[in-house]
Amino acid sequence: MICLSFVLLPTMLAQETGQICAQSFEDRNGDGLRDPDERAIAHGVSASLGNPAGVTIASRLLEDSPFAADGLLCFDDLPAGDYQLTLRSAEFTITAAAVFSASVSPGAAPALVELGLQPLQVAEASPGPARLKLDADLVAAVLRALAGGAVVAAILSVIGLLIFLAIFRRRSSPKPGPTGNGQIEA
């Protein structure tokens, strides 16, 4: 009897566990249902499996699945019970619900969730501020303006220097006045 139990135990335990799978596909028409011409998507999806209390008990990436080429990602050897499957994608828009309730029942077929995806619609970048196009005439005009500004700055610098020297020279010149011997210097 004990030997028979050891032989049958793995079979009995296998019947007490099950599988929940998600199959990703390109949902061209966005109806959330897989049509015959909609191909499997093998990347860009992550799945989290949670218990009824909302605690994540397992996570998977579609790329890591041995059945990724078929768009299939599975959670195996799950005890009988209720689960919550949450699917996400940073590369695609999900065309139906992204959170599913699924149950594992002894002897029942694996729960299969189909996940319709569409490529993300990338908003066109705004053209931004108008760009100034440089051409030879514009460059020449800018250089002339800079040269004119440099000439004006040089002239003002010379005038400022002359005024400074005139004031400084006047103050630093010796003033006629009494010297130590009572004579006035000329």
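Author: Buried means under 20% relative accessible area, exposed means over 50%, and partly exposed lies in between (1.4 Å probe, protein chains only). This is a predicted model, in which local features need pLDDT of at least 70 and side-chain atom pairs count only at pLDDT 80 or more, while totals for chains, interfaces and linings use all residues. Residues are numbered from 1 along each chain as its sequence is written, and side-chain values use heavy atoms, with hydrogens and water left out.

Reader: Which side chain meets that of Arg-39 in a salt bridge?

Author: A salt bridge is a side-chain nitrogen of Lys or Arg within 4 Å of a carboxyl oxygen of Asp or Glu. Arg-39 forms one with Glu-26, at 3.2 Å from N to O. This pair links distant parts of the chain, 13 residues apart: Glu-26 lies in strand 1 (17-26), and Arg-39 in the loop between strand 1 and strand 2 (46-50). Helices (H or I, at least four residues) and strands (E, at least two) are DSSP runs, numbered from the N terminus.

Reader: Is Glu-26 buried or exposed?

Author: Glu-26 counts as buried because its relative accessibility is 15%. Arg-28, at 48%, counts as partly exposed.

Reader: Let's zoom out. How many helices and strands does the protein chain have?

Author: Two helices and eight strands, running α-β-β-β-β-β-β-β-β-α from the N terminus on. Of its 186 residues, 23% count as buried. A contact means heavy atoms within 4.5 Å. Among contacts between residues at least 6 apart in sequence, 58% join residues at least 24 apart.

Reader: Now the sheets. What is the strand order in the open sheet with mixed pairing?

Author: The general idea is that strands of a sheet pair through backbone hydrogen bonds, either parallel or antiparallel. Here, two strands pair if DSSP finds at least two bridges between them. The mixed sheet has four strands in the order 4-1-8-6. Strand 4 (72-79) and strand 6 (92-94) stand at its edges with a single partner strand each, so one side of each has no neighbour in the sheet. Within this sheet, strand 1 and strand 4 pair in the antiparallel sense over six bridges, and Cys-21 stands opposite Cys-74 in strand 4.

Reader: Which order do the strands of the antiparallel open sheet follow?

Author: That four-strand sheet runs 3-2-5-7. Strand 3 (56-61) and strand 7 are its edges; each has a single partner strand, which means that one side of each is left without a neighbour. Five bridges join strand 2 to strand 3, which run antiparallel, and Ser-46 has Leu-61 in strand 3 as its bridge partner. Strand 5 and strand 7 are also antiparallel, over six bridges, with Leu-85 partnered by Phe-100 in strand 7.

Reader: Which residues form the covered face of strand 7?

Author: As background, in a regular strand the side chains alternate between the two faces of the sheet. In strand 7, the covered face has Phe-100, Ala-102 and Val-104, and the uncovered one has Val-99, Ser-101 and Ser-103.

Reader: Finally, how many residues does the largest nonpolar core have?

Author: A nonpolar core is a set of buried Ala, Val, Leu, Ile, Met, Phe, Trp, Tyr and Cys residues joined through side-chain atoms within 4.5 Å. The largest has 23 residues, and those with the most contacts inside it are Ile-20, Leu-49, Phe-75, Leu-78, Leu-85 and Leu-87. Strand 1, strand 2, strand 4, strand 5 (81-88), strand 7 (99-104) and strand 8 (111-119) each supply at least two of its residues. Strand 8 gives the largest share, four residues. Take Leu-87 as a case to inspect: leaving out residues up to four places away in sequence, its contacts include Ala-22, Val-45, Phe-100, Val-113 and Leu-115.
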